Amino acid sequence: KPALASANQTRFNVFSFALFRSILSFLDYDDCERRSDELFLCRFLYCCDWDVQEAFGRIVKLIKLKEANPEWFFHKPIATYSELLNRNVKFALDRRDRRGRRVFITRLGAIDFSSMAVTDLANLDDIWFELMLNELETLESGVTCLIDMSGYSLKSFRFLTPQNIRIGSAKTDLLPLKNIEFHVVNSSVFMNAAIAILYPMLSKKIKDQVRFHYSNWASLHEYIPADILPAEYGGTAGKTFDFQTIHGQVLDRANDFDRLLTYGVR
């Protein structure tokens, strides 16, 4: 259970859980089974500082966004994503940064625009964040996102439609995580043009959490230590990532992921 500061705080949080469960049971627009275990509710209560009304509003908005755009969310047995996972476009390290945050890496140059859709990327986000948000330490400490723009193709501009940006930004804003940062490396002149298009459409919350390091590894290592990064990011943790261990975090939990598919089905 979450680390709590005092007996009064404990009583308050127990009350919050009970109240939140009661509110969820009165979703009169919804006849689906919804996940309501303590770990799941913790996601929304933590990120809203235990404000039950705000947490409830966030979960309803997320449900509605998912129902309106189901293809943007993880929605198939995890085994069907193995080939997509093995492209190593997005993944979470099995070690944390010095602040105790999970490190989530996106390598945009690994995207095959001839065979991948923007919803494939969204599904990968969903899978990895589902893993990370099931950890109390992550809910308390947060996630550090490293975005590597090296090799990113100009073909990516076709993904930057107003609708895609709107849905992607809404999904990010509703992510039940209080502390999240974005660290961009290896950006180029072409990618700066893409950023110039995308940036004004992002929410202030997201903009405030974005930092650009270009290829300044010392700057990056102030946030993500060198000893958990490989040589390509100026790190000391080997030549490349240990993808067998990284993928195992998801594929070895196939039953847990597949069980989530039973929620929200009409």
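Phe74 and Phe257 are both buried, and I would like to start with these two residues, keeping in mind that what we are looking at is a predicted model. Together they form an aromatic pair in the edge-to-face arrangement, with 5.8 Å from centre to centre and 90° between the planes. Those two values are quoted together because a pair of aromatic rings is described by the distance of the centres and the angle of the planes. If you look for the two residues in the structure, you will find Phe74 in the loop between helix H3 (52–68) and helix H4 (82–85), while Phe257 sits in helix H12 (residues 254–260), so the pair ties together parts that are 183 residues apart in sequence. The count of aromatic pairs comes to 12, and there is also one aromatic cluster, formed by Phe91, Trp217, Tyr233, Phe241 and Phe243.

Leaving aside residues up to four places away in sequence, Asn123 touches Glu71, Trp72, Phe73, Phe74, His75 and Tyr81. Asn123 is found in helix H5. Is this asparagine, Asn123, buried or exposed? Its relative accessible area is 3%, and since buried means under 20%, Asn123 counts as buried. The C-alpha atoms of Asn123 and Leu84 are separated by 9.6 Å, although these residues are 39 apart along the chain.

The core draws at least three residues from each of domain 1 (7–68) and domain 2 (78–256). As for Leu93, the residues it touches, again not counting those up to four places away in sequence, include Val103, Ile228, Leu229 and Phe241, and Phe241 is also a member of the aromatic cluster.

Finally, a word about the chain as a whole, which has 12 helices and five strands. Of its 266 residues, 47% count as buried, and among contacts between residues at least 6 apart in sequence, 77% join residues at least 24 apart.

Definitions and conventions: Residues numbered from 1 in each chain as written. Predicted model: local features only at pLDDT ≥ 70, side-chain atom pairs only at ≥ 80, totals over all residues. Heavy atoms only, no water. Domains from an automatic or database assignment. Contact = heavy atoms within 4.5 Å. Helix = DSSP H or I, 4+ residues; strand = E, 2+ residues; numbered from the N terminus. Buried < 20%, exposed > 50% of the residue type's maximum accessible area, 1.4 Å probe, protein only. Phe/Tyr/Trp six-rings, centres within 6.5 Å; stacked < 30°, edge-to-face > 60°.
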